[in-house]
Amino acid sequence: MTQKWDIVIVGGGLAGYVAASYLTKTNLSILIVEKGKKIGGRARTNKVNQQYLNLGPHALYKKGKAKSILEELGISLNGKSPKLGGILIENNIEHAAPLSPLDLFTTSLLNGKERMKWIAVLLKVMSIDPEKLAEQTFQQWVTQVANSKKIKSLLRILGRLATYCNAPEMVSAKVIVSNMKTAMGGVLYLDGGWQTIIDQLHNKAIILGVQVQSHTLVKQIDPVKQDQFKLILSNDEEIHAKYVICTTGPHELNAMLNEKVNIYQNSFFTQIKAVRGATLDLALTKLPNPRRLFAMGITDPLYYSVHSNYARLSDDTKSAVLHVFKYHHPDDHIDGTSIKNELEQFLDKLQPGWQQYVITKRFIPNITVNQRLPQIGDEQKLQRSKTEIPGLYIAGDWASPNSILADGAVSSGKQAAEEIILNERRKNSANYERRLPPI
Ligand SMILES: Cc1cc2nc3c(=O)[nH]c(=O)nc-3n(C[C@H](O)[C@H](O)[C@H](O)COP(=O)(O)OP(=O)(O)OC[C@H]3O[C@@H](n4cnc5c(N)ncnc54)[C@H](O)[C@@H]3O)c2cc1C
């Protein structure tokens, strides 16, 4: 017998589970279909040899939308904030990162004049209204506010750190600066990793009647008629739904839609480029240099941070869980072997001899961090979760007009759910009025 659902959510990551959580407030039947064996998407955490490894470095913005929405849903977010500071490296020379008040005044990177300029620029970032930057690329804005090479580099580092985007000439200044502001409010490294968010959302959803079918891919989404979709699954099963929320990337969505469906949004979806990077995730029995906790390259787009110094990420208390990361440019040619060498050499500088202490090590050369590189004008095309196909809604870290990363995923999941709830209310009140006797 064909299964019929009110709502099918494609994808069991942050966006899918947040959408499901808000929709449990209705009495609509909800199914989440997830292609992975494990739920969670990019918020997954793998437990290897008693160590908890997120899929690359994950930091939750304390002032971001994701945190406040997750708290609204009753999700506990336990962890600690890393201290501001660390080092910046250029040509094997190390400088204190001018991010904490002390390092600002002592760093060898800046001279007296540059120090004052950098403080002025930081104050500007804190007070600026990002809406005013909607027509500029990040590169244009950087050139406008900074005239020295070092201050420009520092702004680009902060931009990469806050957004993972490494294409200043392509990205929207509005989104990057807005994220920089949010990042300056601090981040949390979570105890047990981001899987703890997913597991709590999953358990709450199951208790409230949401069904989850993992290890199942949605091959096709076919809008059959008004209020009815046919979805074809990887086991060739067909299921029917009144509403579909798609939380996959835009290109996967296009592929799933029947070729006959040619919506205007398709052309925008096909142009979207992803934010990508390479990650080296490690657990070590100990750190050769325990004081080295955070570093970034000045020109080289590299990142290093020991997350276990702040979050509980192993069953024992002694080992260290850390991430070394390279921010890719969308035009980069990805050569896995040379990128792995680059990341390991960066780690050699920071933790010489680390190879002797490896408990577990994972290298991913080209991972999607965010499904959309935020470009000027994107927000106009993403105002609503509703698509041109009635009943089909989008969510995910690419689908939010003004946010990216977890903030984009979580806020778009909430928005899709709210739009469906509103649509149901409208339909129900229209039906109720139709049933009223004429006066
Ligand atoms: C290395 C790295 C570092 C990051 N760091 C941060 C950070 O510090 N701060 C931050 O806020 N964010 C960070 N992020 C981003 C954050 O993890 C993501 O934005 C968020 O998890 C995306 O959630 P989502 O639900 O939109 O997408 P996903 O998590 O990708 O979920 C989509 C789900 O859909 C499933 N799916 C796809 N196609 C189909 C199909 N046809 N049928 C069924 N299921 C399907 C996928 O398997 C997946 O589980 C990072 C991401 C990475 C990779």
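## Surroundings of the ligand

A polar contact is a pair of N or O atoms within 3.5 Å. The model described here is a predicted one.

There are 35 residues around the ligand, and those that come nearest are Glu-34, Arg-42, His-58, Ala-59 and Asp-397. Three of these residues can be described atom by atom, each in relation to an oxygen atom of the ligand. For Arg-42, a backbone N or O atom lies 2.8 Å from a ligand oxygen atom. Glu-34 places a polar side-chain atom 2.6 Å from an oxygen atom of the ligand. In Asp-397, a polar side-chain atom lies 2.8 Å from an oxygen atom of the ligand.

## Helices α1 and α8

Helix α1, residues 14-23, packs with helix α8, residues 195-207, at an angle of about 30°, and their axes are 10 Å apart. Because of this angle, α1 is roughly parallel to α8. The two helices cross in a left-handed sense.

On the α1 side, Leu-14, Tyr-17, Val-18 and Ser-21 take part, and they meet Ile-197, Ile-198, Leu-201 and His-202 of α8. Six residues of this contact between α1 and α8 are nonpolar and two are polar, while no charged residue is present.

## Helices α5 and α6

Helix α5 covers residues 138-145 and helix α6 covers residues 149-163; they pack at an angle of about 145°, with axes 10 Å apart. The crossing of α5 and α6 is right-handed.

From α5, the residues in contact are Phe-138, Gln-139, Trp-141, Val-142, Thr-143 and Val-145, and from α6 they are Lys-152, Leu-155, Arg-156 and Gly-159. Sorted by class, the contact of α5 with α6 holds five nonpolar, three polar and two charged residues.

Technical notes. Residues are numbered from 1 along each chain as its sequence is written. This is a predicted model: local features need pLDDT of at least 70, side-chain atom pairs count only at pLDDT 80 or more; totals for chains, interfaces and linings use all residues. Side-chain values use heavy atoms; hydrogens and water are left out. Axes are lines fitted to C-alpha atoms, for helices over the stretch in contact, and angles run from 0 to 180 degrees between N-to-C directions. Helices (H or I, at least four residues) and strands (E, at least two) are DSSP runs, numbered from the N terminus. Angles under 35 degrees count as roughly parallel, over 145 as roughly antiparallel, 65 to 115 as roughly perpendicular and the rest as oblique. A crossing is left-handed if the near helix is turned anticlockwise from the far one by less than a right angle, and right-handed if clockwise. Contact means heavy atoms within 4.5 Å. Ala, Val, Leu, Ile, Met, Phe, Trp, Tyr, Cys and Pro count as nonpolar, Asp, Glu, Lys and Arg as charged, and the others, Gly among them, as polar. A residue is near a molecule or strand if one of its heavy atoms lies within 4 Å of it. A polar contact is a pair of N or O atoms within 3.5 Å; within protein, one must be able to donate a hydrogen and the other to accept it, and residues adjacent in sequence count only if both atoms are side-chain atoms.
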